[in-house]
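Here's a quick look at one protein chain. Have the sequence and the model open side by side as you read.

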Amino acid sequence: MLYQLSYTPVTGCGRIAARPGGQDAIGRNKAPRPAFALQPVHKCKGARPMALNSLKDVYLDQIQDLYSACKQSVDATAKLGRAATDDELGRALAAGSKGIADGMGQLEKLCSDHGIDPNGTHCKGMEGLVQEAQAHVHDAEFGADEVRDAMIITQYQRMVHYALAGYGCLVAFANRLGLDGDGAILQECLDQTYDGDKRMTKIATTGGVNADAA
Ligand SMILES: [Fe+2]
């Protein structure tokens, strides 16, 4: 059994376990326990243990996190594309969604090479960004289509920048670990993600979306 020092123990499935103390089954208050105590680290089927002991562990953990982020953002990006009025913006978002899917394929390959489940974790960060895109674009009211387009770009770029951070760190980890093949694959994903981000900035600025929305 693995143990970690924790106040709110987190299971290997990403769930927060019950806090110490509280009430028992018939409503009596239990005696408070120490704020910090060794708690067992649980594992669920297919998940790696929570204890990360090396840069390699961090690397694999973050591959899974980025895969989860891509999995959530791929459909959200396509949905933004369908909501866009500007033709070039719609095309760029469709291409962005395809690029995310291509990146997922590469991450799946890396997971297979390292013997880990790509679906081993859930990215809460991207979950929040997708919720933001839903709230600020799809659930919001706009007085003009051009204004919606400007909002679409900013929401998309929030998601893209999360992926840039993810790929950038993975490249650095792979290179430090001497995983040259991984590093080359991840660098290509990073470059393609940068290209998508730059294309979006161009559409917003010189492409005229922001000017039309002003
Ligand atoms: Fe994440």
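A word on terms before we start: pLDDT is the predictor's own confidence in each residue, on a scale from 0 to 100, and two residues count as in contact when their C-beta atoms, placed from the backbone, lie within 7 Å. This is a predicted model, so those terms matter here.

Averaged over the protein chain, pLDDT comes out at 84, with 77% of residues at 70 or more.

## The overall layout

The protein chain has six helices and two strands. Walk along from the N terminus and the order reads β-β-α-α-α-α-α-α.

Of the 214 residues in the protein chain, 30% are buried. Take the contacts between residues at least 6 apart in sequence, and 74% of them link residues at least 24 apart.

## A closer look at Leu55

Leu55 belongs to helix α1, which covers residues 55-83. Is Leu55 buried, exposed or partly exposed? Leu55 counts as partly exposed because it has 13 C-beta neighbours inside 10 Å, and that class falls between the cut-offs of 12 or fewer for exposed and 20 or more for buried.

Which residues does Leu55 touch, leaving aside its neighbours within four places in sequence? Its contacts are Phe173, Arg176 and Leu177. Leu55 and Phe173 are 118 residues apart along the chain, yet their C-alpha atoms are separated by 7.1 Å.

Methods
Residues numbered from 1 in each chain as written. Predicted model: local features only at pLDDT ≥ 70, side-chain atom pairs only at ≥ 80, totals over all residues. Helix = DSSP H or I, 4+ residues; strand = E, 2+ residues; numbered from the N terminus.
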